[in-house]
Amino acid sequence: MTGSEKEISARVPRLLRVSAALSWRFVAVVAALYVVGMVVGYLTTIVIPAGIALLLAALLAPAVAQLVQVGVPRGLATGLVLVGGIAVVGGVLTFVITEFSNGLPELQKQVNASLDTIRGWLRDGPLHLSDLQLQQYLDRVLQTVKENQAEITSGALTTAATVGELLTGLLLALFTLIFFLHDGDGIWRFLIRAVPADVRDRADVAGRRGFASLVSYVRATALVAVVDAVGVGIGLWIVGVPLIVPLSALVFLGAFIPIIGAVITGAVAVLVALVAEGPVAALIVLAVLIGVMQLESHVLQPLLLGRAVKLHPLAVVLAITAGLVVGGISGALLSVPLLAVLNSGIRSLLSDSDKAVEPREVEVYEPQETGPPDTGGARVEDIDGETGAGDGGPKGGANS
């Protein structure tokens, strides 16, 4: 830098220089994130199945590791865990579908009775609608369906295409899961070779910390989902609502999308209670659902998820909302696990205690090893670190 350039630079206020430096770095980061988002959006059919396979690997990999420790070959252990997992899921789905089919006729009778009650209220209640008026309203509904038959048909074709894509994604997720379970560590070692050798161990430890947080997240979420399903199921059983098992299973699956999943699936249970048993039963089921959600948000989430992944509830809500906006249901499902992995990995990179940790020392299947100890020594480098000579020299870096 020439003398004139130094003179000009010296005349620029320090606040403006720091703001400019932060601004162009911020723009560069946002541009990089935008490019990554565009690539991920373009490769959604690959990214989503791979993400789901990684979640399932976090759930099933500990079982494979246990079998390997007792002397079972890894290939056989992978096959046993996969077959066992598919058998359990298939059995549960078969049971749910059977129970739903058996309870459907009774539900139809109750729906017809409820419709008759509504029709009687419309005719004899304060509205005093005649049978002719009711028939006219019904004819309008049928006419609307006929007028929009093309759109309905197009929607059905779109749904069929979506089902085809869903089946393709499930096969890809299953295929990816097999390799994650059989050679996940080898895949990770191959990927980590892209990191420069001088920081490879730190990146390796951070990655293992991230996967450990994913394992803890899946375990905690599964336990929360069981509690939600059992609580709602007991409420449905007390009220006498039909289809208790399918509705409880729906709540269980929905609970894997934190906060909003159980609410949406619980609303289905309230609707079924309203149709089948009337408004009083629906209000009771709604009260049970609110109680279960309070138990989840004030007890289970802080106790289990908070300790497992160390995320603030506000961060969870914002991550779910962003994921829902960007990627729909799949985005909401994967947003919190992604945030948990990033949180644990970044904490590891900023931690002094992980400097001397060897990658093999990280127990990825142990909940207590999801991140480095909170020693309080990790912090972002002070802005005055480089130019603090006038204040007594550098004030410390990220690892001070």
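**The whole chain**

Read along the sequence, the pattern is α-α-α-α-α-α-α-α-α-α-α. Of the 400 residues, 30% are buried. Now draw the surface. The accessible area comes to about 24,500 Å². Carbon and sulfur atoms account for 71% of that area. Next, consider how the chain contacts itself. Take the contacts between residues at least 6 apart in sequence: 69% of them join residues at least 24 apart.

**Confidence**

The protein chain averages 75, and 71% of the residues score at least 70. Select residues 155–161. Here pLDDT stays under 50, and the model has 0 contacts beyond four places in sequence for this stretch. Then select residues 376–400. The pLDDT is below 50 here too, yet this stretch has 31 contacts in the model beyond near neighbours in sequence. Where pLDDT is low, the predicted coordinates should not be read in detail.

**Helix α7**

Select residues 200–239, which form α7. Step just past the end of α7 to G240. This glycine takes a positive phi of about 90°.

Go back into α7 and pick G210. Is G210 buried or exposed? It counts as buried, because its relative accessibility is 0%, and the cut-off for buried is under 20%. What does G210 touch beyond residues up to four places away in sequence? The partners are V341 and S344. G210 and G345 are 135 residues apart in sequence, but their C-alpha atoms are 5.0 Å apart in space.

**The largest nonpolar core**

Select V232, L236, V241, L247 and V285. In the largest nonpolar core, which has 16 residues, these five touch the most other members. Which elements give two or more residues to this core? They are α7, α8 (244–254), α9 (260–277) and α10 (279–309). Centre the view on L247. Leaving aside neighbours within four places in sequence, L247 is in contact with L236, V241, P242, V268, A269 and V272.

**F256, between α8 and α9**

Move to F256, in the loop between α8 and α9. Show its surroundings. Not counting residues up to four places away in sequence, F256 touches Y217, T221, A222, A225 and L333. F256 and A220 are 36 residues apart along the chain, and their C-alpha atoms are separated by 9.9 Å.

**V280, on helix α10**

Next, select V280 in helix α10. Is V280 buried or exposed? V280 counts as exposed, because its relative accessibility is 60%, and the cut-off is over 50%. V280 and V239 are 41 residues apart in sequence. From C-alpha to C-alpha, they are 9.4 Å apart in space.

**S351, after α11**

Finish with S351. Where is S351 found? This serine is in the segment after α11 (313–350). S351 is buried, because its relative accessible area is 3% and the cut-off is under 20%. Show side chains for S351 and S353. The two side chains make a polar contact at 2.7 Å.

Terms used. Residues numbered from 1 in each chain as written. Predicted model: local features only at pLDDT ≥ 70, side-chain atom pairs only at ≥ 80, totals over all residues. Heavy atoms only, no water. Core = buried A, V, L, I, M, F, W, Y, C linked by side-chain atoms within 4.5 Å. Buried < 20%, exposed > 50% of the residue type's maximum accessible area, 1.4 Å probe, protein only. Helix = DSSP H or I, 4+ residues; strand = E, 2+ residues; numbered from the N terminus. Contact = heavy atoms within 4.5 Å. pLDDT = per-residue confidence, 0-100. Areas by Shrake-Rupley, 256 points an atom, 1.4 Å probe, with all protein chains shown as cover. Polar contact = N/O pair within 3.5 Å; in protein donor to acceptor, adjacent residues only side chain to side chain.
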